[in-house]
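Subject: Structure for your review

Dear colleague,

Please find below the structure that I am handing over to you. My notes on what was found in it follow directly after.

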Amino acid sequence: MKTILSCSIKGGVGKTTVAVGLAQAIHRRGYRVGILDLDYRAPCVPILLNVEEASIGRTEHDGIVPLPVDGLWVFSMAFIWPPSKCVQVEDSEATKDVAQLLSPGIIVWPDLDFLVCDTPPTSSGIVSVALETSAASGAIIISHPSRVSRADTLRTLDLFSEKQVPVYALLSNQGCDEEGRARYDLSDTDIEALAVKYKLPLFMSIPHTRDLAPHFDRLAAALLQTTPVTLDPPKEPEGAGWERLIQLAKNLPRPR
Amino acid sequence: MGTTDSASQESAETEVEAGKIEELTSLLRALSTVLDAFNGLASAVEQQAAEGRRCILAVTGLKHHPRQAFFFEVKGYKIQIVDPFTNYTTYIEAPIDSVIRVLKGIWDGREDAFSAEWSRGQAQIRGTRSLHDGMQFNEGFKRVARGIKQYRALTA
């Protein structure tokens with residue numbers, strides 16, 4: 001089973017939409033796919049799958065049973081938490097629970113080809129434990145073409161570089177509308193430049209549209225052909241200033 | 001603060017705690033009576049689902065009451081105080097106010113009585129399978145609350 005993470009430490013960039021859309025697209029290609037909603041405090045996967053109406057978590061003696069939804073298998077903390085309650089579980093407890101969700105034998109998944117995980121918008125313990133516990137095959141990092149989102153995308157790339165979790169792709173999401181009009185202060189090309197800088201194997205832009213299925217089909221097709229890469233920490237430019245300073249110091253007259 | 005002040009504060013705290021414990025035990029007594037009747041009505045599947053489910057909720061934070069923690073179990077349609085024992089499947093700690101809110105919620109037929117307290121970070125579930133165990137505990141409470149709601153609807 002390959003585990004794919006949908007990630008960004010920035011909120012509102014479309015991680016959940018990408019996770020669900022990608023899982024559905026991979027399933028359309030004939031694979032058995034599960035979705036694990038790791039957004040512990042604000043789980044939204046069930047909303048996009050139209051199964052949010054009830055507390056439908058179910059366990060058996062052996063473990064937690066994922067919910068079958070249109071050919072996918074799904075688990076979300078939304079199946080436990082009462083709707084509209086603010087989840088105030090402390091970070092240490094939440095992190096412990098997320099680690100359990102990713103541990104073998106807690107959720108009784110059927111025989112899956114892919115598990116797509118939606119992660120919360122944070123770099124705190126929950127995401128760290130997800131990166132460390134999931135044995136992820138790779139991640140998709142999602143960004144908006146905006147200066148604010150770009151800054152968080154750099155931070156996200158840094159996190160993945162540090163944790164040495166491989167990355168499949170960088171997506172520039174909802175950068176323009178269906179007529180090609182820009183929606184943010186940067187362009188898809190600005191985000192693509194990050195993919196080039198970090199030598200990511202795949203970059204894709206997804207427009208702001210209601211009909212996302214063809215775009216996720218395109219993403220799934222490309223992803224299945226892609227080998228994720230582990231990021232090298234980007235090298236800082238050699239300090240020309242320091243070198244000059246050292247040279248100057250060498251040339252200073254010695255005190256007598 | 002003088003010795004007398006300190007003693008009277010302690011006495012007031014003891015009284016408040018005793019009141020809460022009394023409220024807790026009467027809630028449990030009331031629920032036990034109703035749920036004993038329910039248990040006879042449980043289907044074979046529901047009885048089977050309860051098999052091997054020994055969930056304990058330890059009431060924490062009691063400063064003055066001689067017993068620092070209560071243990072009780074939810075088993076099928078039953079909620080009952082039990083002696084402390086080690087042979088359990090689930091171990092949850094929660095403050096007495098939180099436990100009272102859960103039991104009152106169940107008494108009112110609210111299926112989210114436990115998960116609401118859990119989401120507020122009040123119930124601390126221990127163990128390597130704590131999430132699974134918490135969900136099982138939640139299912140037990142939901143079943144009980146649903147039973148009470150149905151019973152109320154029938155007798156209204």
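In chain B of this predicted model, strand β4 (residues 90–95) runs antiparallel to β5(B), and three bridges join the two. Within this pair, B:Glu93 stands opposite B:Gln124 of β5(B). Both strands belong to an open sheet of three, ordered β1-β4-β5 (chain B), with mixed pairing. The edges are taken by β1 (55–60) and β5 of chain B; each has a single partner strand, so one side of each is left without a neighbour in the sheet. From one strand to the next, the twist averages 25°. Helix α3 (residues 96–107) of chain B lies across β1 and β4 of chain B, and its direction is at about 110° to that of β4(B).

Chain A holds an open sheet of eight strands, in the order β5-β6-β2-β7-β1-β8-β9-β10 (chain A), and here too the pairing is mixed. Its edge strands are β5 (67–69) and β10 (202–208) of chain A, each of which pairs on one side only. Neighbouring strands are turned against each other by 25° on average, direction ignored.

Within this sheet, strand β1 (residues 2–7) of chain A is mostly covered, with five of its six residues buried. Five bridges join β1(A) to β7(A), and the two run parallel; A:Thr3 has A:Leu115 as its bridge partner in β7(A). Strand β8 (residues 138–143) of chain A is also parallel to β1(A), and four bridges connect them. In that pairing, A:Ser6 stands opposite A:Ile140 of β8(A). Further along, β9(A) and β10(A) run parallel and are joined by six bridges, with A:Leu170 opposite A:Phe203 of β10(A).

Helix α7 (residues 213–224) of chain A lies across β1, β7, β8, β9 and β10 of chain A, running at about 175° to β10(A). In α4(A), the residues A:Ile126, A:Val127, A:Ser128, A:Val129, A:Ala130 and A:Leu131 are buried. These buried residues pack against β1, α3 and α5 (147–163) of chain A.

Nine of the 12 residues of α3(A) are buried, so the helix is largely enclosed by the rest of the structure. The buried residues are A:Glu93, A:Ala94, A:Thr95, A:Asp97, A:Val98, A:Ala99, A:Gln100, A:Leu101 and A:Leu102. What covers them? On the side of chain A, the cover includes β2 (33–37), β6 (72–76), β7 (114–118) and α4 (125–133). Chain B contributes as well, through elements including β5 (124–126) and α5 (130–155).

This leads to the interface. The contact takes 26 residues from chain A and 21 residues from chain B. Together the two chains bury about 1,900 Å² between them, 54% of it on carbon and sulfur atoms. A:Thr59, A:Ile80 and A:Gln100 supply 27% of the area that chain A buries against chain B, more than any other three residues. A:Gln100 is also one of the buried residues of α3(A).

How many salt bridges does the rule find across the interface of chain A and chain B? It finds one. A:Glu93 forms a salt bridge with B:Arg126, the closest N and O atoms being 3.8 Å apart. A:Glu93, too, is among the buried residues of α3(A).

Finally, some backbone angles in chain A should be noted. A:Asn50 has a phi near 60°, a positive value in a residue other than glycine. A:Asn50 is found in the loop between α2 (45–48) and β3 (58–59) of chain A. Exposed means over 50% relative accessible area, and A:Asn50, at 60% relative accessibility, therefore counts as exposed. A:Gln174 likewise is not a glycine and has a positive phi of about 60°, but A:Gln174 lies in a strand, β9 (residues 167–177) of chain A. A:Ala135, which follows α4(A), has a positive phi near 50°.

Yours sincerely

Key. Residues are numbered from 1 along each chain as its sequence is written. Chains are lettered from A and ligands numbered from 1 in the order in which they are written. This is a predicted model: local features need pLDDT of at least 70, side-chain atom pairs count only at pLDDT 80 or more; totals for chains, interfaces and linings use all residues. Side-chain values use heavy atoms; hydrogens and water are left out. Buried means under 20% relative accessible area, exposed over 50%, partly exposed in between (1.4 Å probe, protein chains only). Contact means heavy atoms within 4.5 Å. Two strands pair if DSSP finds at least two bridges between them. Axes are lines fitted to C-alpha atoms, for helices over the stretch in contact, and angles run from 0 to 180 degrees between N-to-C directions. Buried area is the accessible area (1.4 Å probe) that two parts lose on being put together, summed over both. A salt bridge is a side-chain nitrogen of Lys or Arg within 4 Å of a carboxyl oxygen of Asp or Glu.
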